[in-house]
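Reader: I am new to reading protein models. Could you walk me through this one?

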Amino acid sequence: MINFLLDCLKSTSRMLLSLLSSEDHFICLKREGFSVVLGCYQGPKQHSKSVTLHTDVGDIKIEVFCERTPKSCENFLALCASNYYNGCIFHRNIKGFMVQTGDPTGSGKGGNSIWGRKFEDEYSEYLKHSVRGVVSMANNGPNTNGSQFFITYGKQPHLDMKYTVFGKT
């Protein structure tokens, strides 16, 4: 599969490839008019605290931290269950930093929480941007969480206590 993706990258200058997490969880990001379609599936509540995001090139399993960030997880899981994220593109990708999605307008400026308003941050001293694959709420200042989220490509300690970490890939 990786060889196929690398061949795609060689064949067009418009495609940008980025690998996330482990060998079986990845995202292929494309620019200039064609983007990854995002869908998700929530595992059975009694057995799992995870969501699988289905993209057009593979799945990303996200473990969510409901005990430490209950509002963020409730929002994220409810948006997934309502198919809110279906069709969302990864509208922001910064090499070595993070990839962002969750805005149904695709502009990076849209998106609502399940409550129809922004909601407060949920910081935890136990949840840090300390490894690749950390999943956090995107915001535009304190207590402005909505529907957008990002996944880190690596350690990003400068984001700690500024963005709510609610999961990991």
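Author: Gladly! Helices (H or I, at least four residues) and strands (E, at least two) are DSSP runs, numbered from the N terminus. Residues are numbered from 1 along each chain as its sequence is written, and side-chain values use heavy atoms, leaving out hydrogens and water. This is a predicted model, where local features need pLDDT of at least 70 and side-chain atom pairs count only at pLDDT 80 or more, while totals for chains, interfaces and linings use all residues.

Reader: Is His129 buried or exposed?

Author: Buried means under 20% relative accessible area, exposed over 50%, and partly exposed in between (1.4 Å probe, protein chains only). His129 is placed in the loop between β7 (98-101) and β8 (134-137). Contact means heavy atoms within 4.5 Å, and His129 touches residues including Phe150, Tyr163 and Val165, not counting residues up to four places away in sequence. Its relative accessibility is 1%, so His129 is buried.

Reader: How many disulfides does the structure have?

Author: A disulfide is a covalent bond between the sulfur atoms of two cysteines; here the test is a pair of cysteine sulfur atoms within 2.5 Å. The cysteine sulfur closest to that of Cys66 belongs to Cys73, and at 3.9 Å it is too far for a bond. Searching the whole structure gives a count of 0 disulfides.

Reader: What kind of aromatic pair do Phe76 and Phe149 form?

Author: Rings of Phe, Tyr and Trp (its six-membered ring) pair if their centres lie within 6.5 Å; planes under 30 degrees apart count as stacked, over 60 as edge-to-face and the rest as tilted. That rule gives 8 aromatic pairs. For Phe76 and Phe149, the centres are 5.2 Å apart and the planes meet at 80°, so this pair is edge-to-face.

Reader: Which residues of β7 are buried on each side?

Author: In a regular strand the side chains alternate between the two faces of the sheet. Both faces of β7 are covered. The buried residues are Met98 and Gln100 on one side, and Val99 and Thr101 on the other.

Reader: What is the bridge partner of Met98 in β9?

Author: Two strands pair if DSSP finds at least two bridges between them. Strands β7 and β9 run antiparallel and are joined by 4 bridges. In β9, the partner of Met98 is Thr152.

Reader: Which residue in the hairpin of β6 and β7 takes a positive phi?

Author: Strand β6 (residues 92-94) pairs with β7 in the antiparallel sense over 3 bridges, and Asn93 stands opposite Val99 in β7. The hairpin has 3 residues between the strands. The residue with a positive phi, near 75°, is Gly96.
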